Amino acid sequence: MSDVRTGGLGFQFYADAADVAKAAGAAQRLRRPLRVIGHLHSPEEFLVAEDAADGSVWVLAADHSAEWPLNVSRSALDACLTAFGRYLDSGSKASGPAVYSADEMRERLERFARGEVVSRAPQKPPAPHRARLKRLHRELKAADRSVFARNSWWSGVLEDAKNNLL
């Protein structure tokens with residue numbers, strides 16, 4: 001059902017006729033010729049639709065109470081999602097806490113004492129946030145300058161990226 005080129009932002013694109021058929025009911029309720037091509041987070045929250053007239057892509061509240069321009073075209077959307085994917089992948093990786101029982105920890109320490117534990121290869125340090133953000137902005141400008149408009153759906157995501165919250 002989903003396309004993996006979503007940059008970790010929660011987009012799901014419909015890949016087959018069955019998925020598109022599910023969205024057909026939502027498409028009929030739209031006030032203009034938009035074709036639902038996916039959703040954001042869940043179909044009950046936000047729909048992603050393509051304008052049949054000009055090829056632009058929009059994010060719509062599932063109840064049709066609001067809409068936000070996303071990109072000027074699907075190819076621009078793909079390029080923006082790819083840029084965000086690179087931005088996210090080049091940052092520091094969040095590591096969750098490791099919780100071990102006393103028995104598991106004792107076993108690990110015994111393996112360490114026997115020399116069975118091999119150190120991990122050094123990890124490449126993440127790119128500095130400022131450099132990552134600069135690259136993101138450069139790639140987004142090349143793909144679609146409209147993402148920087150105040151009314152664009154991307155404005156909130158760009159604010160989060162600026163504040164290193166992604």
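**Entry 1: Fold**

I took helices (H or I, at least four residues) and strands (E, at least two) as DSSP runs, numbered from the N terminus. On that basis I read the order of elements from the N terminus on as β-α-β-β-β-β-α-α-α-α. The protein has five helices and five strands.

I note that this is a predicted model, in which local features need pLDDT of at least 70 and side-chain atom pairs count only at pLDDT 80 or more, while totals for chains, interfaces and linings use all residues. Residues are numbered from 1 along each chain as its sequence is written, and side-chain values use heavy atoms, with hydrogens and water left out.

**Entry 2: Surface and contacts**

I looked up the accessible surface, computed by the Shrake-Rupley method with a 1.4 Å probe, where for residues only the protein chains shown count as cover. The surface of the protein comes to about 10,700 Å², and carbon and sulfur atoms hold 53% of that area.

I then sorted residues as buried (under 20% relative accessible area), exposed (over 50%) or partly exposed (in between), with a 1.4 Å probe and protein chains only. Of the 166 residues in the protein, 34% are buried.

For contacts I required heavy atoms within 4.5 Å. Among contacts in the protein with a separation of 6 or more, 49% are between residues 24 or more positions apart.

**Entry 3: Aromatic pairs**

A pair of aromatic rings is described by the distance of the centres and the angle of the planes. I counted rings of Phe, Tyr and Trp (its six-membered ring) as a pair if their centres lie within 6.5 Å; planes under 30 degrees apart are stacked, over 60 edge-to-face and the rest tilted. I found seven aromatic pairs in a search of the whole structure.

The ring centres of phenylalanine 11 and tryptophan 154 are 6.4 Å apart and the planes stand at 35°, so I recorded the pair as tilted. Because phenylalanine 11 lies in strand E1 (residues 11-13) and tryptophan 154 in helix H5 (residues 154-162), this pair ties together parts that are 143 residues apart in sequence. Phenylalanine 11 and tryptophan 154 are both buried.

For phenylalanine 84 and tyrosine 87 I noted centres 6.2 Å apart and planes at 75°, so this pair is edge-to-face. Phenylalanine 84 and tyrosine 87 are three residues apart in helix H2 (residues 74-89), a separation of about one helical turn. Both phenylalanine 84 and tyrosine 87 are buried.

I also traced a cluster in which ring pairs link Phe11, Phe13, Phe84, Tyr87, Trp153 and Trp154.

**Entry 4: Charges over rings**

I counted a charge as over a ring if NZ of Lys or CZ of Arg is within 6 Å of the ring centre and within 35 degrees of the ring normal. Arginine 132 lies over the face of tyrosine 87, 4.1 Å from the ring centre. Lysine 141 lies over the face of phenylalanine 148, 5.9 Å from the ring centre.

**Entry 5: Salt bridges**

My criterion was a side-chain nitrogen of Lys or Arg within 4 Å of a carboxyl oxygen of Asp or Glu. I found six salt bridges in a search of the whole structure.

One of them joins the side chains of glutamate 50 and arginine 35 (3.0 Å, N to O). Glutamate 50 lies in strand E3 (residues 46-51) and arginine 35 in strand E2 (residues 34-40), so the bridge ties together parts that are 15 residues apart in sequence. Glutamate 50 is buried, at 17% relative accessible area, whereas arginine 35 is partly exposed, at 42%.

The side chain of glutamate 50 also meets that of arginine 74 in a salt bridge (3.7 Å, N to O). With glutamate 50 in strand E3 and arginine 74 in helix H2, the pair ties together parts that are 24 residues apart in sequence. Arginine 74 is partly exposed, with a relative accessible area of 36%.

I next looked up arginine 135, whose salt bridge with glutamate 139 has its closest N and O atoms 2.8 Å apart. Both residues lie in helix H4 (residues 129-143), four residues apart, about one turn of the helix. Arginine 135 is partly exposed, at 36% relative accessible area, and glutamate 139 counts as buried, at 18% relative accessibility. I also recorded that salt bridges with shared partners join Arg35, Glu50 and Arg74 into one network.
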